[in-house]
Amino acid sequence: MVHRDVEQMSLFGAPATAGVSSSAATNTPFDKPVTIAPSASSFPLYASVVIDIPSRALSDPFAYGVEPDCADDIDEGSVVLVSFGHRMAMGYVVALSSSLAELPYCDGLDPSKVKPIRGLLAPSSCSDMFAPVSFWMSREYVAALSECLRLFLPPGGTPRLVKGDGGVYHLKEPSVHAVSERVVSITPDGADYAPPANAHRQRQLIEALSCGPVSTRELNLLYTDMSSTIRALSKKGVARVDERRAWRGLSDETTLSSARAAAPKTLTDGQQRALQEIDSCLQAGRGDVILIDGVTGSGKTEVYLSAIERVLKQGKTACVLVPEISLTAQTVGRFRSRFGGMVAVFHSRLSAGERLDQWDMVKSGAARVVVGARSALFCPLRDLGLIVIDEEHEQSYKQGSSPRYHARDVAAFMAKLGGFPLVLGSATPSAEALARVAAGEHLGQRWTRVEMPERPGSSVLPKVVISDLRREFAAGSRSIFSKPLYDGLMRIAERREKAVLLHNRRGFAPFLLCRECGCVPTCKHCSTSLTYHERTHTLECHTCGAVYHINPYPAPGSSCPQCGSRYLAKMGLGTQQVEDALRQIMPAHVDIIRMDADSTKGKDSHKELLEAFDASECAVLVGTQMIAKGLDFPEVTLVGVINADYALKMPDFRAQERAYDLLEQVAGRAGRGESAGEVVIQTYLPHDPVIRAVAAHDRSIFTTHDLAQRADAFYPPFVRLTNVLVWGADRAATKRYIDSLASAVRQRFDAMRGEDRAWSLAGDPTEAPVVLGPTPCVLERAKDRYRFHFIVKSPVGYHVSEAVGGALSQIGPQPGINVSVDVDAYDLM
């Protein structure tokens, strides 16, 4: 028996205000025409409910009736209990109407067959855009609608329906809860109280409270335990103790000098142009996109801060996205130095409790600026007036699991929906962004570019030196450091300055190799070679995380797993080896700090390492790509790239673009202060267009070459790229399934084009979709699963998701077989 007195949980907080009206949701199911005529019904309110079952088959909402006793409590975003088939299920309310005819997907629905909502599980706590954005994402990225809606839910795990004693349904108790703190303040009657001469602790407490209320935790940190003193003054009516909500996630204070962002006295011409364009878009209210194309160190962050100040004065809120690896104490500190406690932060290193409190700060209105990684887009911001995406070229803005959205495109849809500007910033804009600003619009949305070619003050772009490793080798050098880089490091040590060295391979050596039989140890579960880590004497798989203990040559006990030879040698170069080599050549007064995924596993490791680098008189920071962007240290006068060729020759059409982005970004870390900067790039390919473009600070050298190659091969931005990946433990069954799926997709494309136009593998994907494959993936086996894929190239603006999603529904699921559809794919491996 189902009870309607459903237990109310606090997982979603207080009821939210009304969501976006159906008329604002362009290109969403809310625009679907309805032909049914209104008819009388016993329900005063009807609701569209998305059932919380992650299946592509349930891509539409279902209509339910709201009974009178619940009508005042249920709102858009509410979590409700409904009867679905022969079971009870949880669902999300996405639309409400007093007329069944006005709800989406209700054509011809008999009102007498509409079931009632059985109860309210949790009130709304979602962004007012959650419904239209979720519908758009579900269609655009071939994802289950409930998966998209879950993005907008508070942190703490996906809510789960459980049946309690007596048949009462409720949401499972969340794993984290809100916390409170005790705050001490002086009462009006105690303002003139003078403690006795010997009451030293009372005087301390009154002095601490003279500037305002103070939490008991802060008092204990200042004066040790003050509980007895607080009780004594409370009994006298001098002090008062109150309980209030505590916000975890605010204790990220840092000693970094660059974590402060005082407003400059004057702005550069480029900064002024950017702010004028943003102001114009704010006034127009069209939802335009502005690309700020500024060289490294040109002051893009100050543009963001100034624009946010203007939005806040209008009573609105702002969301700022930064790459996860750039979300350091330095970045957060700049925003909090300008906006104080109004800033909420979201990143993966926060605890579950901290994420919940940051979410609640936004929901309650205590925080009006959100700074975070891509998931910060889905925070419950009200009256959103601006979205900023810094380093818009970064691949981390593409979600790796379903729904596989790109934050840039979701933000653009939200901006168009809300009529506010989206600001993109980068020193190395993506090919897609540059193509859209060149066209002037994309999908009916205006795209403009503002250039910022100069750095503020007297700082200039650094000098770039290309060190040809072929000549170094021919001259007999076998060192990690070429002569130009070695000389630069010695000058750094002599002048007591700082340097940054980039090597985008962590570990000690990329792989081990048997010099007798040529065996390269690979993971037992994946088709990848294992990376050797010197500190732990382990081989580690960077795909599945498997760890194998081993002793390479010349350590006693070294043995090849294939032939038993002792000569299992370290090949290649990792950051640990670069660190060891630096310690051998640098004087004792130079601090060597390594920053990569291995050295930053701890929660505050990023901040501690950067603080150590900042505090040091003379230091070298060596690391992977996490040191290449978002760092601003004026004392850095030398940047070195150990080997620029690793990224250039990856089997990916975006490899050269990523290499250019990385090199240009890390080069920009040098010369940000009064002293001139120098960059030394070591390479075996000095004439590659990427290397020449970075050396000349001229992007066109690279983009002209890269775009010509992409146009010839039909790659983005000239087409859309969709990667359909299928994987399973049974290789033959997986291959049969993907063959059937690819055939179904081809048939649907043929049907769309008409029976008179036969399928052609050599078709032009700028005119009609083309399917390539299926073939085994480059990484054919991962975590004991065999992987196959096919690629769809389609015209820009073509709704490829309809055909792929329809083919998936036609073929249906198969036990043991997993399918991933990645629209606008970045990872093709």
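Biologist: How many cavities of 30 Å³ or more does a search of the whole structure find?

Modeller: The search finds three cavities of 30 Å³ or more. Please bear in mind that this is a predicted model.

Biologist: What volume does the largest cavity have, and which residues line it?

Modeller: The space in the largest cavity comes to about 60 Å³. Its lining is formed by Ser127, Asp128, Met129, Cys319, Leu377, Cys379, Leu381, Leu384 and Met414.

Biologist: How does that lining of the largest cavity divide by class?

Modeller: Seven of the lining residues are nonpolar, one is polar and one is charged.

Biologist: Met414 is in that list. Which helix contact does Met414 belong to?

Modeller: Met414 belongs to the contact between α1 and α10. Helix α1 covers residues 130–140 and helix α10 covers residues 407–418. Their axes lie 11 Å apart, and the packing angle is about 140 degrees.

Biologist: Why are α1 and α10 called oblique to each other?

Modeller: The angle is about 140 degrees. An angle has to be over 145 degrees to count as roughly antiparallel, and α1 and α10 are therefore oblique to each other.

Biologist: What is the handedness of the crossing of α1 and α10, left or right?

Modeller: The crossing of α1 past α10 is right-handed. On the α1 side the contact is made by Pro132, Val133, Trp136 and Met137, and on the α10 side by Asp409, Val410, Phe413, Met414 and Leu417. Eight residues of this contact are nonpolar, none is polar and one is charged.

Biologist: Turning to another helix pair, at what angle do α3 and α5 cross?

Modeller: Helix α3, residues 200–209, and helix α5, residues 227–235, cross at roughly 80 degrees, and their axes come within 10 Å. That makes α3 roughly perpendicular to α5.

Biologist: Which residues meet there, in α3 and in α5?

Modeller: From α3 they are Arg201, Gln202, Leu205 and Ile206, and from α5 they are Thr229, Ile230, Ala232 and Leu233. By class, the contact of α3 with α5 has five nonpolar residues, two polar and one charged.

Biologist: On to pockets. How much space lies in the second largest pocket?

Modeller: The second largest pocket holds about 1000 Å³ of space. Its lining consists of 43 residues, and those nearest its centre are Gly299, Thr301, Arg334, Asp632 and Arg672.

Biologist: Which elements give two or more residues to the lining of that second largest pocket?

Modeller: They are α7, residues 300–313, and α8, residues 329–339. The largest share comes from α7, with five residues.

Biologist: What is the class make-up of the lining of the second largest pocket?

Modeller: The lining has 13 nonpolar, 19 polar and 11 charged residues.

Biologist: Where are Pro403 and Pro774 placed?

Modeller: Pro403 sits in the loop between β15, residues 384–390, and α10. Pro774 is in strand β31, which covers residues 770–782.

Biologist: What is phi of Arg496, and where is Arg496 placed?

Modeller: Phi of Arg496 is near 55 degrees, which is a positive value in a residue other than glycine. Arg496 is located in the loop between α13, residues 483–495, and β20, residues 498–502.

How values were computed
Residues numbered from 1 in each chain as written. Predicted model: local features only at pLDDT ≥ 70, side-chain atom pairs only at ≥ 80, totals over all residues. Heavy atoms only, no water. Axes fitted to C-alpha atoms, helices over the stretch in contact; angles between N-to-C directions. Helix = DSSP H or I, 4+ residues; strand = E, 2+ residues; numbered from the N terminus. Parallel < 35°, antiparallel > 145°, perpendicular 65-115°, else oblique. Left-handed = near helix turned anticlockwise from the far one by under 90°. Contact = heavy atoms within 4.5 Å. Nonpolar A, V, L, I, M, F, W, Y, C, P; charged D, E, K, R; others polar. 1 Å grid on protein atoms, 1.4 Å probe; cavity = no way out; pocket = protein on both sides within 12 Å on 5 of 7 lines; lining within 4 Å. Points joined across faces, edges and corners; volume = space filled by probe spheres on them.
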